[in-house]
Amino acid sequence: MSLAFLVPLFLLGVAGIVVPIVVHLTRRQRRNVVHFPSLMFLEKIPFQEQRRRRVQHWLLLSLRALALVLVAAAFARPFVDQSEIGAGGALGPREVVVLVDQSYSMAIGDQLERAMERARRVFDGLGPLDRASLVAFSQGAHVVARSTSDRLRLRGALDTLQISSGATRYGPALKVAQTILEESNLPSGEVYLLSDFQRNGWTGDEGVRLPPGSRVIPVPLGGDEIVDNVMVTDVSLPRQAVAGRERITPTARIARRGGDAPREVAVVLEVDGQAIQSRSITLAPNTAAAVPFQPFTLSQPHTTGSIRLPDDALAADNAHHFVVSPGASLPVLIVEGGASSDVSLYLRGALDISDDGRFSVRTRRASSIRPVDVDGVSAVFLNDVQIDGASAEVIRGFVEGGGGAFIALSQNGGWPASAADLLPGSIGAMEDRVQGRGGRLGYIEYEHPVFEVFAGPRSGDFTGARFFRARRFTLSDSAAVLARFDDGSVALAELRHGRGKVLVWTTSLDAFWNDLALQPVYLPFVHRITEYLAGRAESMPWFVTGQVVDLANPEALLTAGLVSSEAAGLVDGLDQVALSPQGGSLPLPAGDGPRYLPLDEHGFYTVRQPGSDPARPFVIAVNVDLEESNLARIDPEELALQIEAPGAAPGAGPRLGEAMELRRADQERRQSLWRWLLVVALALFAAETVVSNWVSRRSAGAVGAVPG
Amino acid sequence: MSNPRTRTSSAGSQFLDPAVLGRIGNLELLARTVVDGFLTGLHRSPYLGFSVDFAEHRPYMPGDDIRRIDWRLFARTDRHYIKLFEADTNANFSVLLDLSASMSYGSHSLTKLDYARYLTACLTYFSSRQRDRVGLVTFDHEIVDYVPPSMKHLDTILHTLDKAKAGRPGSLAAPMLRITEMLGRKGILVIVSDFYEEPDAVLSAVGPLRARGHDVIVFHVMDPYELEFPFEEASGFEDLETGEQIPVIPTRLKADYIAMIGTHLEALAKRFKDNRIDYALLDTSKPLDTALFQYLLARERMSRTR
């Protein structure tokens, strides 16, 4: 901050102060000249020399000189140049974007407080023409204040920042900064990135590129010390049906990062807010351990549970929450032909095998199906049976109502032509694959819900199954193939009809035409197919912060663990409200569209309807993203280099000169110091007049006094 | 009864009043008027008595002219005495008149130069009546005009005085040295000047004339304003010789000035006296008789001392 002049040429007028000084020193008395014979004696009197060459009235001279200086300075248009405040002050008006990391790892120490203090200094250093934005980010980015020069507003927005439950993701925040800078008409841009710079937050392929003339100023806040952090990385909740009731045996996986000595850690299991068990383990640095708990009985829907650890430097990952509800068995109808009684032996066996008794199987040996047969059934298996047209219509109604039908074609399997549109294709003749060792499944749609659990390694092997015979199947246009044999023929096809779906398996489900039933993958395969047909999605005991749940989508609700709307006290068509873990209220108005609930906080979200007071509200457990617990850091300069435009010198735009001049003129106009200078100069001139008159009167009264 | 001297002086002073003299254009007429009136007024003055008569005897000293031995006294006393007579009236009389620019100053109708010219004319006329050889030297910082002493040069001197004008800076040293060289015969030298130089410088310039045996009479001509400094209004004072100008507040300077000029005059008088030089301060507002008396006293003293 320094004093500058808009028109410094007028400062030459300061030379005008020489005038009164010269007048004072050289002024001759305007009186009659007396011719005298000799000044021999007059010149010997020193008094005369002093009077002529000495300033006699310093006050008058000072007043006049100062008034002239002030007038000249006023014409030169002075102002206090505040351009150099801030790093890029000399580059013209700036568009400043301050990105503040509020991920939960910023809770370590006082990183967030330091980030806010640094941001406050940035805002204080803004020039008159600068604009600034404040963006808070973790997994997403939130513009708290956008492109404003109102420092008060910026500081107020800064005070609202607090630690979130999200993990660090630099991509969204930098995208927002890029957008703000691209929309700005200011010549230079600066992005202050205030973060602990975790490596997990940046992959390098976010596609962020700041516009030319912009630069990134990384402000690392984390220290170099390794934080001793213990966290709950996972919880397994296996169920077991005992005497008609479900028991859950939780096992928590505890990991420790950092530290330099073994440490004893107390692990507590809470159910419905009550600590029911506690375990103590000893963890060496950078190790992990599994902590099994005694089983507890699950009797109520939407039962909440938590695994808690003692507080440490990073508290957010010390608790792991989950929600479990007693499971309901899926009613399954198996319709089989009458030729053999063991045609569904493997299928029934597979459906009967489960710890929690999730399937309730009923078998009908007949070629006709009545509507009462499918009442309350979630899935129907037509195993090697040829049904009539009426039965097909019953199946049509069942499927359109949301049910699922699985048609296994085998020796006797068939479908009436009157309901051919219900099938994903047309059924052809048998084809044998007796050469060699038979056919295999050559293509599986692993992204389909039926097969997605087998996508990973060692999670199900279909390649060991051999297929010796199958029915030729010609796909219709609207059908989808989920699996093919190695010769390209269809093994499994699907057609969605109404709210339900129809799957056709072109070979048998027993061990006659293939040995799939003898493979280990047969059991989960049957289970996945049954659950898929019944429309049951896998219930998620917990979500991770950043995920969004559509409360208007039944499948999403089932995934979120909703047992039933009635049990949760939720009625369709009414406004709902979600209570966040920190007590916030999120209104969810009723409507035809989706009803999204963003899960931004870790803990338990409770969904209610106004006026309702159910004993067991619908609860969603949310845990933090454990990637944030990995505090490995990225080089801030490396990050900055990746997103800055190469070769673009900040502020090297053609508008810089005009912007600088505009900025100086604007500063001068706002300050208008010249007015004050002129006022002071006028006051000085008035004072000079008064003093001069007083001096003149005093000189006139004194004998021989000379004014000035 | 009134004092006859006072009366005659008063009557004579009417003709010697500088203001009256200023209206007489002819210097010869002026000088005759002054001198005749002056002599008439001094008719019965006890100071009048210069002649060629016997003055005194003194013992004969080797080297004296034996023709001046008084043989009658020798016959009576059997001792040789020299018979001294009154001063020789046929002496050289020269006036050294200062024409420096400062002499042109005058606070009333008469300037110092005018006053000096009248004085010079009167003295010259007077001396001429005494059958002295009269001469004139005018000078400023050098010799301006030189009229050698002669019985016939009265007119020339009066003419030279008539056309004399002051205008150039003055200095005593150079012209006095030159005059010392020019005047080989001893005589009476009258210096008329305002002596605006340091007393020591004045003496160093005038002293050699006295050392050459001249009878030196100095008339220090001053205007009354120079002596009294009666100025009141702050003014720019311009030096007549150098043109330099300074602002002066007379009321603040008057005391200092008068003190300084008094000291200057005293110093001059003392130094002239110490060198046996007759010194007279002349106020141009005063009548000329003071100067004439001063001159006559000097002549008388010279006559008696011969």
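How many residues lie between E13(A) and E14(A) in the hairpin that they form, and which residue in the turn has a positive phi? The two strands are separated by two residues, and A:Asp272 in the turn has a positive phi of about 55°. The model is a predicted one, in which local features need pLDDT of at least 70 and side-chain atom pairs count only at pLDDT 80 or more, while totals for chains, interfaces and linings use all residues. Residues are numbered from 1 along each chain as its sequence is written, and chains are lettered from A and ligands numbered from 1 in the order in which they are written.

Strand E13 (residues 263-271) and strand E14 (residues 274-283) of chain A run antiparallel and are joined by nine bridges; strands are taken as DSSP runs (E) of at least two residues and helices as DSSP runs (H or I) of at least four, both numbered from the N terminus, and two strands pair if DSSP finds at least two bridges between them. Within this pairing, A:Val268 has A:Ser278 of E14(A) as its bridge partner.

The contact between the chains takes 23 residues from chain A and 28 residues from chain B, two residues being in contact if their C-beta atoms, placed from the backbone, lie within 7 Å. On the side of chain A that touches chain B, the elements that give two or more residues are strand E2 (33-36) and helix H2 (46-53), and E2(A) gives the most, with four residues. The residues on this side of chain A comprise 12 nonpolar, six polar and five charged, where Ala, Val, Leu, Ile, Met, Phe, Trp, Tyr, Cys and Pro count as nonpolar, Asp, Glu, Lys and Arg as charged, and the others, Gly among them, as polar.

Chain B contains 11 helices and 10 strands. Within it, helix H8 (residues 199-211) and helix H10 (residues 250-274) pack at an angle of about 30°, with their axes 9 Å apart, the axes being lines fitted to C-alpha atoms over the stretch in contact and angles running from 0 to 180 degrees between N-to-C directions. H8(B) is therefore roughly parallel to H10(B), a term for angles under 35 degrees. The contact is made by B:Pro199, B:Val202 and B:Leu203 of H8(B) together with B:His264, B:Ala267, B:Leu268 and B:Arg271 of H10(B), and its residues divide into five nonpolar, one polar and one charged.

Key. Angles under 35 degrees count as roughly parallel, over 145 as roughly antiparallel, 65 to 115 as roughly perpendicular and the rest as oblique.
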